[in-house]
Amino acid sequence: MRRRTAVLALGTAAAMVLTGCSTMSPGASGTVTLNMVESLTNPARTDLLKGLIADFEKQNPKIKVNLVSPPTEQADQKLQQMLQSGSGVDVLEVRDITVGPWSNNGWLYDMKKDLDGWKGWEGMTENAVKAAQDAKGRTYFVPYGFYGLSLFYRTDLIRKAGFDKPPATWPELLKQAAAIHDPAQRRYGYAFRGGANGNSNATAAIEAYLADQVDPANGFKLKNGRTIFSAPEAEAAMENYLRLFRQASPKSSVSWGYPEMVEAFSNGSTAFLLQDPEVIATVSESKSISKDQWATAPLVAGPGGKTVQPLATAGWGVAKGSKNKAEAVKLVQFLSQGEASTSFTKKNSLVPILKSATNDPFYKSGPWSSYVTMTEQPDTYLVVTQPRGVSWWAEWQQKADTEVQQLILGKTTPKKLVAGWDAYWTEKWQQEK
Amino acid sequence: MSVASTSKTKTAAQGEGGTSGRRGLPRGGRRREFTTRRGLQIAAFMAPAALFVAVFTYYPMVAGGQMAFRNWKLTDLTDTSWVGLKNFRDVFADPAWGTVLTNSAIWVVGSIVPQLVIGFALALWLRRRFRFRGLYQALIFFPWAISGFLIGILFRWMFNSEFGVVNDLLQKAGLIDEPIAWLADPKTAMVAVLIANIWYGVTFFAIMILAALQSIPDELYEAAALDGAGKARTLFQVTIPYIRTTLALTVLLRVIWIFNFPDLIFGMTGGGPNNETHIVTTWMIKITQQGDYGRASALGLLVVAALLVFAVFFLLATRERKRVTQ
């Protein structure tokens, strides 16, 4: 009896250890199971992905897809750990901020050869094709859409303040927002981003002031090779930006991140908001402002009338450690074309990757029309690659976020701020060489 | 079996082998003799648990610990060479290090003292018998079941200057004329996170102290009453001395937990504004987000060392006091 118990215990232990060490491999029937990991997870999007995967499985009966959806806050770290272990991931969500370090560590598979001659490229916008390749022409991910800024504004409030159209430039935005701002009435001009990721709108303002001078291959570099922060226009942009906080934004916006900004606009208290198109869905559901009280306008420009659209992107890639690369690439192709792609961008409120979207009534009307306007005027709304793939991007964001807060708390000046940023990027680029 | 026959059996067994077994155990007694085979059997039973702890606790600890001495940056793992104490030097050289340490001390002391006092008062109140006591207990203990990060997000909205309930209530009560920008000012932001943490942690003290209070025999209170002790004297000379061990251990645990509790600050302020509400553990998360696992790991080892030293001193101090009292 005792021996039998001991054998049972050892057997159980061995089974536990062995099952933990097993890997997904083709089954006896020849069915391949792909592990797909998403990063910018939310419940609605996960359901949408599951639907698209079901369609893919129907078309490819010998491929099964196991979708893994870690919570957004930890997703990239989880993915890093999985990639570092070298197995367990086939298809994954790659973002412009993760592609640099992950490819550098040899975790991502270059799909260039597999996608040579693929018909899907023909249906894609120029931006999408460009974003699919890194500086050396390697394809580590195929973008599924873009996040781009537009100006959400209150049509009724600007009319009441005596303006007949939304602001087209940063100085005009300051003027209109300051005219509307009245904290005593709990009415605010601009939903300022002072907290998490506050650096993004600050650099968008600087890029707008310098639009024509910016290197299209690097949004933080001028065509003369120096940083955008070295130009006098950068200081002027930050002075206007600081005035926008002091004269037209709620005091507490020092710490505002995405949720507070969107809430401020959605609850009807704030007149202007610079945000990605995904906010369209949230604002549309607002019970505080009706559909005729708000609209979107193209991203505000610099005093010269042009601006840089700091497009952010993400897409689907294949892990280098995957043992089923052919099937994984097939899934990436499926998600990046036709109905699957259109449905994904529409339901996630993303700027689409397919050319055909510009003729789609969905994008031609209402709040989406400003995105079509920007796409149709590439000489005014310049598309510039942002240096999000550099290894120090996360460090830069934290540093810049803190320093934007120092600026609006009065602990530094626009001049010192841009001088510090100029020194930082100059040094980093030199170290890179 | 009768008593007589039992003693007879025992005597017979002793007569056969005396006390020749190891460690003086009688042969044929209730304890079995320790043999190699039996040792192997015990080892086999313990193996799964030992393996589990080794793989899931000690391996990650050692693997994480060694990163502290290497150039371990997730952004570039092509060079993970040994760098000696560089990561530790980088931690100390950071200009924000002084603020982070001061904030950590404020965070621990500013949280634990009010938590202890309010938790004690709640426990004393809940010890009395009254209607719906069980319901009140459940309601008071409920916050402890909620995630710290979620509490952080909830309080972040409550302390929002324009749309938050805190300013609204203070204004309606006539206590303030203008809304306070709680999370936008470094000083008030620290006060706000402390208020949230006090609210959250009071519950744990209340649970622990209530359990200890229920173990005090009523006779002690009766004796104190007969001796003419008032409420204050009973509290300080009967209640507190009786539950001192529980109090000491709870304070020790809470200091360690609060020191290691970045969730709430992370959810509420993210360490801002201007890094002014960062404590050591939120700072560690910030470094991890940069991908610098080497420096984050060095900071982690420093935290372990600091807490170990604290735990040893605290336990020695409380033991000493106990001996003096005895």
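Helices (H or I, at least four residues) and strands (E, at least two) are, in this tour, DSSP runs numbered from the N terminus. The model is predicted: local features need pLDDT of at least 70, side-chain atom pairs count only at pLDDT 80 or more, and totals for chains, interfaces and linings use all residues. Residues are numbered from 1 along each chain as its sequence is written, while chains are lettered from A and ligands numbered from 1 in the order in which they are written.

**Stop 1: chain B**

Select chain B and colour it by secondary structure. From the N terminus on, its elements run α-α-α-α-α-α-α-α-α-α-α-α-α-α, that is, 14 helices and zero strands. Of the 326 residues in chain B, 29% are buried; a residue is buried if 20 or more other C-beta atoms lie within 10 Å of its own, exposed if 12 or fewer, and partly exposed in between, with C-beta atoms placed from the backbone. Among contacts in chain B between residues at least 6 apart in sequence, 65% join residues at least 24 apart. Two residues are in contact if their C-beta atoms, placed from the backbone, lie within 7 Å.

Next, select the segments that the unreviewed UniProt entry annotates as "transmembrane region": residues 40-59, 105-126, 138-159, 189-213, 234-259 and 298-317 of chain B. UniProt positions are given in the numbering used here, feature names are shortened, and annotations may be inferred rather than shown by experiment. Residues 189-213 of chain B are 100% helix and 0% strand, with the end C-alpha atoms 36 Å apart. Residues 298-317 of chain B are likewise 100% helix and 0% strand, and there the end C-alpha atoms are 29 Å apart.

**Stop 2: where chain A meets chain B**

Display both chains. The contact takes 29 residues from chain A and 26 residues from chain B. On the side of chain A, α1 (2-21), α4, α10 (258-266) and α16 (393-408) each supply at least two residues, and α16(A) gives the largest share, six residues. By class, this side of chain A has ten nonpolar, 13 polar and six charged residues. Ala, Val, Leu, Ile, Met, Phe, Trp, Tyr, Cys and Pro count as nonpolar, Asp, Glu, Lys and Arg as charged, and the others, Gly among them, as polar.

**Stop 3: the domains of chain A**

Colour domain 1 (27-147 + 313-353) and domain 2 (150-310 + 370-432) of chain A separately; the bounds come from an automatic or database domain assignment. Their C-alpha centres lie 30 Å apart. Twelve residues from domain 1 of chain A and twelve residues from domain 2 of chain A make up the contact. Helix α4 (residues 99-104) of chain A provides the largest share of the domain 1 side, four residues.

**Stop 4: a sheet in chain A**

Select β6, β9, β5 and β10 of chain A, which form an open sheet in that order with mixed pairing. Two strands pair if DSSP finds at least two bridges between them. The edge strands, each pairing on one side only, are β6 (188-190) and β10 (294-298) of chain A. Strands β5 (residues 150-154) and β9 (residues 270-275) of chain A pair in the antiparallel sense over four bridges. Zoom in on A:Phe152, whose bridge partner in β9(A) is A:Leu273.

**Stop 5: A:Thr155**

Finally, select A:Thr155, which lies in helix α6 (residues 155-160) of chain A. A:Thr155 counts as partly exposed because it has 15 C-beta neighbours inside 10 Å. Leaving aside neighbours within four places in sequence, A:Thr155 is in contact with A:Gln293, A:Trp294 and A:Ala295.
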